[in-house]
Amino acid sequence: MFDSIEDLLDLQFGSCKLQIQVPAEGEITKAEQLVGKKIVSSFTKLSTDYFKQLEKIEDETKLTTNIRYVGGSVEASCALGVADAIVDLVESGETMKAAGLTAIETILQTSAHLISSKKPKFPELVERIHQRFEGLMAAQKYVLCNYNAPRSILSTVLQITPGRRSATISALEKKSDENEEWVAVSSMVEKKKISDIMDDLKKAGASDILVFDIGNCRV
């Protein structure tokens with residue numbers, strides 16, 4: 001199935017781990033100790049594939065580990081005596097901790113992704129959707145930083161705000177009482193770094209530093 005799809009974009013949300021969880025007060029500390037024991041999960045195929053590798057077998061019928069499907073509150077299975085361990089998705093781990101469980105192995109890490117067929121029926125529509133997601137994610141990650149600076153320090157301030165591709169630079173009209181030429185600079189910068197960037201620009205000699213949120217964009 002995975003050979004026929006293309007991973008277009010990590011949407012950077014829904015990040016979680018598929019983990020093997022066991023009772024925190026128990027004696028089991030590694031996955032190898034669960035071979036031949038009872039495991040419950042909503043993800044039986046992934047769990048089976050993992051334990052097949054652990055037992056070094058290819059034939060599923062020869063698997064000694066007993067893997068059964070359980071839906072709903074899987075984390076309660078160990079306390080109820082239904083299983084020796086569970087395999088379930090974990091985000092923060094607080095639910096598992098409250099159930100008296102601890103992780104001993106991470107089978108895989110996952111997050112929400114935008115995917116498409118490698119041979120889409122409507123490729124232009126796929127590309128349009130891809131661009132829209134990319135633009136929205138860039139708008140959430142970046143802000144627009146505008147400021148004025150003497151041309152003599154342009155190389156310095158551009159090192160602080162290089163932009164995603166490059167900064168936009170415009171010449172300012174020179175006042176009669178000014179000897180130095182000034183420029184206006186506009187650059188996309190990472191939102192999480194903007195406070196330090198503004199401080200660095202001011203220290204370098206820039207002025208009139210303004211920051212604007214980006215509602216949406218195309219990158």
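Is glycine 135 buried or exposed, and what is its relative accessible area? Keep that in mind during the tour.

**Before you start.** This is a predicted model, in which local features need pLDDT of at least 70, side-chain atom pairs count only at pLDDT 80 or more, and totals for chains, interfaces and linings use all residues. Residues are numbered from 1 along each chain as its sequence is written, and side-chain values use heavy atoms, with hydrogens and water left out.

**Whole chain.** Show the cartoon. You have five helices and eleven strands (DSSP runs numbered from the N terminus: helices are H or I, at least four residues; strands are E, at least two). The radius of gyration is 27 Å, well over the 17 Å that the globule rule gives for 219 residues, so the protein is more spread out than a compact globule. Both values rest on set terms: the radius is taken over C-alpha atoms, and the rule is 2.2 Å times the number of residues to the power 0.38. Along the principal axes, the C-alpha trace spans about 85 × 50 × 30 Å.

**Domains.** Select 5-113 for domain 1, then 142-213 for domain 2. These bounds come from an automatic or database domain assignment. Their centres, over C-alpha atoms, lie 51 Å apart.

**Glycine 135.** Select helix 3, residues 123-141, and find glycine 135 in it. Glycine 135 is buried, at 0% relative accessible area (buried is under 20%, exposed over 50%, partly exposed in between; 1.4 Å probe, protein chains only). Now show Asn216, Cys217 and Arg218: glycine 135 touches them, leaving aside residues up to four places away in sequence (contact means heavy atoms within 4.5 Å). Last, select leucine 46. The C-alpha atoms of leucine 46 and glycine 135 are separated by 34 Å.
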